[in-house]
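Have a look at the structure first.

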Amino acid sequence: MPELPEVESVRRGVDEWTAGALITGAEVVDPRILGTTSARRVDDSAAAAFVRTVTGRRITGAQRRGKFMWLTLDGEDGLLVHLGMSGQMRVHLAVEEAHRHTRAAFRLERGEERFDLRFVDQRIFGHLSVQPLVAAHGRLVPASAIHIAPDPLEDVFDIDATLAALARKRSPIKAALLDQTLISGVGNIYADEALFRAGIHPLAIAARTRRNRLAAVLESATTVMGDALAVGGTSFDDLYVNVNGESGRFDIDVERVEASRRHKGRDWLCRAPVGRRPPIPQSDQARGKQFDGPTCSVAHRRNSGSRIMRGATRA
């Protein structure tokens, strides 16, 4: 799933193309894209209502908090764009043939420019919706994102408050980093990389970790996501691309995470002395959550023949 740097890269491209544009028409090719994965029963009447709601609205800009992105419509509503696992926002000329996984399209007009903004989603884990904008943590966000905490790249991010909340967590530190109500935008890839850079085991209990080490983790998370953003994010396959179809070029050390797969702990931080390692959670689900990061996913993608590794662009 795209994380903060990938979503921010998409947001920047979408904002550049759509800020100030008028939505002159829309088409919902697959109504399922209007429902969340837990509520996919969306009929044609809902699609027609969605088209009526967005048509004639002007986009004032593309915004983001964490992994959530939305287009602000006339300053009142937000067109929420959840990319899910494989969602893409692609800019095309209206005459260009639509991709076979196109789920919705918006006809845009800005000055003399006429073009389409298309939502492409192979797996349909993403979704679109129009929601009122409400105040949350110092800014306006779509109503469904009110519980999402600020991310480290936002001006309203309060590192002291985040450190205090993190220090109260009695869960493993990686699980705390993945908690979007505590700090948003961090997913498996960047949590693993941040913990590796800070030299902290992902199963260390946050509440038992010294404050300066917690601060080091947040600093590493901010740095690694900033580094990834500078080159368009991280791409291990061709599902995540920017509005122009380009993949991200951030370099995750595949050799390091692959080598970790040969360790008993399946984690590249299991170099700590056995007696000092925190206990592994008994729950299989919890264990899977802690280790479902680059350690397993990168190696799996390489073994299954991915065409894009180490941030390289498509061959």
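Two strands count as paired when DSSP finds at least two bridges between them. With that in hand, keep in mind that this is a predicted model, and start with β7, where F119 is the bridge partner of M89.

Strand β7 has a neighbour in strand β5 (residues 87-92), and the two pair in the antiparallel sense over 6 bridges. Strand β6 (residues 102-110) also runs antiparallel to β7, joined to it by 8 bridges. Here E109 stands opposite R114 of β7. The hairpin of β6 and β7 has 2 residues between the strands, and G111 takes a positive phi there, near 65 degrees.

How many of the 9 residues of β7 are buried? The count is 7, so β7 is largely enclosed by the rest of the structure.

On to the aromatics: the structure holds 2 aromatic pairs. In one of them, the rings of W17 and F115 have centres 5.4 Å apart and planes at 70 degrees, which makes the pair edge-to-face because planes over 60 degrees apart count that way. This pair links distant parts of the chain, with W17 in helix α1 (residues 4-18) and F115 in strand β7 (residues 113-121), 98 residues apart.

| Residue | Relative accessibility | Class |
|---|---|---|
| W17 | 35% | partly exposed |
| F115 | 3% | buried |
| R52 | 60% | exposed |

As for R52, you'll find it in helix α2 (residues 44-54). Its C-alpha atom is 8.6 Å from that of G25, though R52 and G25 are 27 residues apart along the chain.

Methods. Residues numbered from 1 in each chain as written. Predicted model: local features only at pLDDT ≥ 70, side-chain atom pairs only at ≥ 80, totals over all residues. Heavy atoms only, no water. Helix = DSSP H or I, 4+ residues; strand = E, 2+ residues; numbered from the N terminus. Buried < 20%, exposed > 50% of the residue type's maximum accessible area, 1.4 Å probe, protein only. Phe/Tyr/Trp six-rings, centres within 6.5 Å; stacked < 30°, edge-to-face > 60°.
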